[in-house]
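Please look over the model shown here with me, beginning with the place where the chains meet and then moving into one of them.

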Amino acid sequence: MLTRLTKNLTYISRIFSQNFGIILLSLLLSNMYQLSAQNEQDEAFDQNIVSSGESLFKGNCTVCHAINEVVIGPALRDVHERQSEEWIYAFIKNSQKVIKSGDEYAVDLYNQYNQTLMTSFDFSDEELNSILTYIKSESAKEVQVAVVDNIVEGGEVSSSISSDNFYLSLGLNIFLLLLLIFILFRFTNLSKKYVILKDNQNKGKLLDDDDKEIVDSGFKINEFIKSNKVVGIASFVFIAVFVKSCIDGLYTIGIQQNYQPTQPIAFSHKIHAGQYEIDCNYCHTGVNISKSANIPAVNICMNCHGVINTDKPEIQKILTAYEENRPIEWVRVHNLPDLAYFNHSQHVAVGGIECNTCHGPIEEMDVVYQYSELTMGWCINCHRESEINSKGNDYYDKLVELHKSSSKEPLKVEDIGGLECSKCHY
Amino acid sequence: MNKLILYLFIGIFFISCSAKDDYPGVEYAPNMYHSVPYEPLSQVKDEEIGSWLDSNPEDGHGEFYNSNPYNPYGMTMLEPVPNTVKRGGYLPYRIHKDSFEIAALVKSPIEDGDEVLKEAKILYDRFCVHCHGEKGMGDGSVGVVYKGVTAYNSRAVKDKPEGHIFHVITHGKGRMWGHGSQISIEDRWKIVKYVQTLQKQ
């Protein structure tokens, strides 16, 4: 039996090793073939011209054109097959002139791409030639580009799987744990039953009294729940949690921390401030110059969304508001009581405080919520702790001097009246 | 037993005081929280809100109503009166958005200097960098997705005069929309200075 198994195994391994050589050889050959094919392709174009064309193309054209996709203007692959070189050169040098001359192809192109005029470029004929050569050489590489695309897509898929895997394995672990507990429970029960059965068969000679006590002590869930200990602990925990939540609830009266209202448009700071790293000031333009940071008007949204994602339903809301000249009624998140005065520019422009200090991780919020308490204690605390940046500001020179004569502590907000009632309440 | 249930209910009432999601939470002294005069950026259009504690029944609406019936959409903010000029600043820039030739002749009122460039860099990082990129190559985080962002040193724009740059910031050009409403005239001229340094690289 054993000898037959080893015989089979050696046979299989021999077949594999023989064929492995062939597989390796064919792989090598195919690689070499690919390499040589690539070389043949590249040899058709002068490398110097292609590389100078590439740098010109990337510096001037990629803004609006790509080889394989429509950007602002058409995709440029095989453009030399669609039109003559003279036509292309004339269009690059002055597209307006070509369109005005009534050239049918040019007029069609102009209308097809939203009547956007191509910028005129004063390239020399040599430069134009190198750009076109670069486009020709890129056009010939179609297949390779497709392969690269596939690889990129594959990478994305595998990464999404790996993040799913985490939850899958967590669930599996919990399931296995429960299964283990269940099996253990069943096993103890079964073994007890077995012992009792054996004991009965031997007419009670197998077990002495101590053993019997252990075997008979079943776990009775009803008695356990009704026992004084459990009732006492449970009611204590309940009352403690209940009273704690009551006190917490009372403390939050007048505090709107965690208020997260639904907005009329599902705007996400996570995408705009987080992913695309747009500065807060770009939209909240008032923050350095006025009391409030300002909610951006529709026209600021339109700076990008006049062009981007115009077909999505949430963006459509902006477009309609823009067309109707109607403001979007955002819901205010931070409602400081009217009895307290707060000025953004004073804190941001003068104090140099970052937005995140009070507003929290805005760049991670899909829907904005109130991060800080905005209570008086919270304000005062910061005024007690924050040092004043007096460097390069003449305004503070005498104050710093005066402060130094009476105290060894650095100059803080409280030292220049940051705790006076009338600074905020009047 | 009844007493116990009562305590339970009072407790639940207390617990529900805190703000969460759409509910802003219980206010301690609502009359002092809500502004009586028109408050910019906070608008209550529902006349019923706050009618349970109306301190002035004659006005015909609830305590928290804060909305100007004479403005469009009841807004509490207004644009400046048309054709008025702000005191102590620059005169408004009134060259038509298509008049690039005239705009190109306008000269910057800002003096050159390191201090100006430093401020301009800060402004550039606020308003321009996400599209035009750190070095003005059009490769900012948004620019890559937005597409069609011209590099400052590309052949088409690297020799454009300061007036032209200012005009493009104000009114936009091509795919770029005008930024005149969100950047002050002075700040726009400062940004022009910084953009000129990027043109030359």
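1. The contact between the chains draws 45 residues from chain B and 49 residues from chain A, where two residues are in contact if their C-beta atoms, placed from the backbone, lie within 7 Å. On the side of chain B that touches chain A, the elements giving two or more residues are helix 1 (2–15), helix 2 (30–33) and helix 4; helices here are DSSP runs of H or I with at least four residues, strands are E runs of at least two, and both are numbered from the N terminus. By class, this side of chain B has 20 nonpolar, 16 polar and 9 charged residues, with Ala, Val, Leu, Ile, Met, Phe, Trp, Tyr, Cys and Pro counted as nonpolar, Asp, Glu, Lys and Arg as charged, and the others, Gly among them, as polar.

2. This is a predicted model, in which local features need pLDDT of at least 70 and side-chain atom pairs count only at pLDDT 80 or more, while totals for chains, interfaces and linings use all residues. Residues are numbered from 1 along each chain as its sequence is written, and chains are lettered from A and ligands numbered from 1 in the order in which they are written.

3. Within chain B, helix 4 (residues 114–127) packs against helix 8 (residues 185–199) at an angle of about 95°, which makes the two helices of chain B roughly perpendicular, a term for angles of 65 to 115 degrees. Residues of helix 4 of chain B including B:Leu117 and B:Phe127 meet residues of helix 8 of chain B including B:Ile191 and B:Tyr194.

4. Just after helix 7 of chain B, B:Gly172 takes a positive phi of about 80°.

Methods: Axes fitted to C-alpha atoms, helices over the stretch in contact; angles between N-to-C directions. Parallel < 35°, antiparallel > 145°, perpendicular 65-115°, else oblique.
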